Amino acid sequence: VNGGRYCTDVLFLLLLTAAWVAMTGVGLASTGIIKSDIINKGDPNRLINGMDYHGNLCGVTNYITPDGVDTINLPKAYPMPSGFFVCVDSCPAESS
């Protein structure tokens, strides 16, 4: 029963620790805490705000639409049938 068995947990623990340290370094570099020339500092607004088809962040970017409306006043992104998103004030109500 005990023949040929050995502990593999030490190797796994070393690999897990190396992966944890590497991902922590990437996370700190992407938030700008660690300065890096390879990884640029990210913008958390891109995670929580929608983006229209011009690349403007809805509710964040100061862009005047062709209709004369500023996208900073349009906090929601609404998908069009074409697959593009547009910034809107509120989501449209469901029609019956």
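Trainee: D52 is buried yet has no salt bridge, so to speak of charge, which side chain of opposite charge is nearest?
Mentor: Keep in mind that this model is predicted. A salt bridge needs a charged pair of atoms within 4 Å. For D52, the nearest side chain of opposite charge is 10 Å away, and that residue is R46.

Trainee: Which backbone nitrogen does the side chain of D52 reach at 2.8 Å?
Mentor: There are two backbone nitrogens to consider here. The one of H54 lies 3.1 Å from a polar atom of the D52 side chain. The one reached at 2.8 Å belongs to N56.

Trainee: How far apart are the C-alpha atoms of G59 and K76?
Mentor: G59 lies in the loop between α2 and β1. It is partly exposed, with a relative accessible area of 27%. Beyond four places in sequence, G59 touches T71, I72, L74 and P75. G59 and K76 are 17 residues apart along the chain, and their C-alpha atoms are separated by 7.1 Å.

Trainee: Now the helix α1. What is the distance between its end C-alpha atoms?
Mentor: Start from the count: α1 has 22 residues, 9-30. At 1.5 Å a residue, the helix should span 32 Å. The value in the model agrees with that: 31 Å.

Trainee: Which residue with a positive phi follows α1?
Mentor: Move along the chain past the helix. The residue to look for has a phi near 90 degrees. That residue is G32.

Trainee: Which residues of the chain does I39 contact, leaving aside its neighbours within four places in sequence?
Mentor: I39 lies in the loop between α1 and α2. Its relative accessible area is 28%, so it is partly exposed. Its C-alpha atom is 23 Å from that of L15, 24 residues away along the chain. The contacts of I39 are V26, A29 and S30.

Trainee: How far apart in space are G42 and T31, C-alpha to C-alpha?
Mentor: G42 lies in the loop between α1 and α2. At 41% relative accessibility, it counts as partly exposed. G42 and T31 are 11 residues apart in sequence, and in space they are separated by 6.0 Å.

Trainee: What separates the C-alpha atoms of A93 and S30?
Mentor: A93 is found in the segment after β2 (85-88). It is exposed, with a relative accessible area of 72%. A93 and S30 are 63 residues apart along the chain, and the C-alpha separation is 38 Å.

Trainee: Which element has the highest mean pLDDT?
Mentor: The chain averages a pLDDT of 84, and 96% of the residues score at least 70. Among the elements, α2 has the lowest mean, 84. The highest mean is 91, and it belongs to α1.

Methods
Residues are numbered from 1 along each chain as its sequence is written. This is a predicted model: local features need pLDDT of at least 70, side-chain atom pairs count only at pLDDT 80 or more; totals for chains, interfaces and linings use all residues. Side-chain values use heavy atoms; hydrogens and water are left out. Buried means under 20% relative accessible area, exposed over 50%, partly exposed in between (1.4 Å probe, protein chains only). Lys and Arg count as positive and Asp and Glu as negative; His and the chain ends are not counted. A polar contact is a pair of N or O atoms within 3.5 Å; within protein, one must be able to donate a hydrogen and the other to accept it, and residues adjacent in sequence count only if both atoms are side-chain atoms. Helices (H or I, at least four residues) and strands (E, at least two) are DSSP runs, numbered from the N terminus. The expected span of a helix is 1.5 Å times one less than its number of residues. pLDDT is the predictor's confidence in each residue, from 0 to 100. Contact means heavy atoms within 4.5 Å.
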